[in-house]
Amino acid sequence: MFDAKKLLDQFLGPQMGGKSGDILGRAGQFGDIAKNNPWKTAGIAAALLGTKTGRKLAGNVATVGGLAAIAGLGYMAYKNYQSGQSPQTVTHKEPEILPPPVDSPFNPQSSALSNDFALTLIRAMIAAAKADGHIDAAERANIIDKVHAVDLGSEAEAFIANELANPVDIDDLVASARTEEQKVELYTATRLTIDPDTRAERGYLDLLAGRLGLPDALLDHIDATVSAAKVQA
């Protein structure tokens with residue numbers, strides 16, 4: 001089995017937007033990689049989404065990328081929800097991601113974030129990208145070409161190709177999230193992938209939220225936190 005956490009980091013890779021929205025990657029050591037192969041720093045999600053949403057991650061959420069971004073945003077939303085804050089307090093300010101405490105289930109090194117659950121998060125992001133029927137056969141071929149360019153290895157490529165080609169089993173996704181924290185991360189990863197701009201996307205998010213059984217107030221916090229982390233590209 002391939003390293004799903006590593007794949008997730010490549011799937012939602014660290015990125016910084018320039019004036020033209022070009023993806024530059026991390027400063028320093030990733031500079032040359034970004035120039036030679038921008039898919040390595042843009043993240044595979046960029047291939048899935050293209051310019052469909054017209055938005056990108058902002059600030060240090062973009063710089064962190066990957067599993068750390070999903071875990072950090074989920075932890076922030078969960079903490080604000082538990083403290084009784086109003087979701088509106090975070091809507092208009094860019095979130096500053098801080099690492100979850102070492103003993104937190106949201107910490108990327110937590111045993112709760114197993115290889116299998118990292119795969120679940122990737123599957124959730126692919127399912128979300130397909131929610132409005134945007135990915136047809138031609139688009140799938142285009143995505144696979146870009147995935148191949150990242151050089152993930154045959155097993156990881158086959159996994160992504162299979163997820164793109166087959167219908168999502170939302171019950172299976174939900175069953176993979178066994179704790180409330182994992183449910184938060186599953187919804188966060190999904191919400192990061194799409195914006196509810198169409199009826200199909202809104203319906204998919206509502207369906208997932210209902211199956212996960214998370215409180216409405218917590219879902220509002222996740223929506224507000226993720227929304228604040230996105231800016232126009």
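Predicted model: local features only at pLDDT ≥ 70, side-chain atom pairs only at ≥ 80, totals over all residues.
Me: How many residues lie between Ala-127 and Asp-169 in sequence, and what is their C-alpha to C-alpha distance in space?

Reply: Ala-127 and Asp-169 are 42 residues apart in sequence, and their C-alpha atoms are 8.8 Å apart in space. For the protein chain as a whole, 79% of the contacts with a separation of 6 or more are accounted for by residues 24 or more positions apart. The chain has 14 helices and 2 strands, and buried residues make up 49% of its 233 residues.

Me: How do I describe two helices that pack together, and at what angle do H8 and H12 cross?

Reply: Two packed helices are described by the angle between their axes and by the distance between those axes. For H8 and H12, the axes come within 8 Å and cross at roughly 35 degrees, and the crossing is right-handed. On the H8 side the contact is made by Phe-117, Thr-120, Leu-121, Ala-124, Met-125, Ala-128 and Ala-129, while H12 contributes Gln-182, Glu-185, Leu-186, Ala-189, Thr-190 and Thr-193. Sorted by class, the contact of H8 with H12 has 8 nonpolar, 4 polar and 1 charged residues.

Me: Why are H12 and H13 described as roughly antiparallel?

Reply: The term follows from the angle, since values over 145 degrees count as roughly antiparallel. The axes of helix H12 (residues 180–193) and helix H13 (residues 199–212) come within 11 Å and cross at roughly 175 degrees, and H12 and H13 are therefore roughly antiparallel to each other. In this contact, Lys-183, Leu-186, Tyr-187, Thr-190 and Arg-191 of H12 meet Arg-202, Tyr-204, Leu-205, Leu-208, Ala-209 and Leu-212 of H13. The residues of the contact of H12 with H13 divide into 7 nonpolar, 1 polar and 3 charged.

Me: What is the angle between H12 and H14, and how far apart are their axes?

Reply: H12 and helix H14 (residues 216–228) pack at an angle of about 40 degrees, with their axes 10 Å apart, and that angle makes H12 oblique to H14. The crossing of H12 and H14 is right-handed. From H12, the contact draws on Glu-180, Val-184, Tyr-187, Thr-188, Arg-191 and Leu-192, and from H14 on Leu-218, Leu-219, Ile-222, Asp-223, Val-226 and Ser-227. By class, the residues of the contact of H12 with H14 divide into 7 nonpolar, 2 polar and 3 charged.

Me: Turning to charged pairs, how many salt bridges does a search of the whole structure find, and which residue forms one with Arg-123?

Reply: A search of the whole structure finds 6 salt bridges. Among them, Asp-172 forms a salt bridge with Arg-123, with the closest N and O atoms 3.1 Å apart. This pair links distant parts of the chain, as Asp-172 lies in helix H11 (residues 170–176) and Arg-123 in helix H8 (residues 115–129), 49 residues apart. Arg-123 is buried, with a relative accessible area of 15%, whereas Asp-172, at 35% relative accessibility, counts as partly exposed.

Me: Which residue forms a salt bridge with Asp-171, and where do the two partners lie?

Reply: Arg-211 forms a salt bridge with Asp-171, and the closest N and O atoms are 2.4 Å apart. This pair too links distant parts of the chain, with Arg-211 in helix H13 and Asp-171 in helix H11, 40 residues apart. Arg-211 is partly exposed, with a relative accessible area of 39%, and Asp-171 is partly exposed, with a value of 46%.

Me: How should I read the pair of Arg-202 and Asp-206, and where do they lie?

Reply: Their side chains meet in a salt bridge at 3.2 Å, N to O. Arg-202 and Asp-206 both lie in helix H13, 4 residues apart, which is about one turn of the helix. Arg-202 is partly exposed, with a relative accessible area of 31%, and Asp-206 is partly exposed, with a relative accessible area of 43%. Elsewhere, salt bridges that share partners join Arg-123, Glu-163 and Asp-172 into one network.

Terms used
Residues numbered from 1 in each chain as written. Heavy atoms only, no water. Axes fitted to C-alpha atoms, helices over the stretch in contact; angles between N-to-C directions. Parallel < 35°, antiparallel > 145°, perpendicular 65-115°, else oblique. Contact = heavy atoms within 4.5 Å. Nonpolar A, V, L, I, M, F, W, Y, C, P; charged D, E, K, R; others polar. Salt bridge = Lys/Arg side-chain N within 4 Å of Asp/Glu carboxyl O. Buried < 20%, exposed > 50% of the residue type's maximum accessible area, 1.4 Å probe, protein only. Left-handed = near helix turned anticlockwise from the far one by under 90°.
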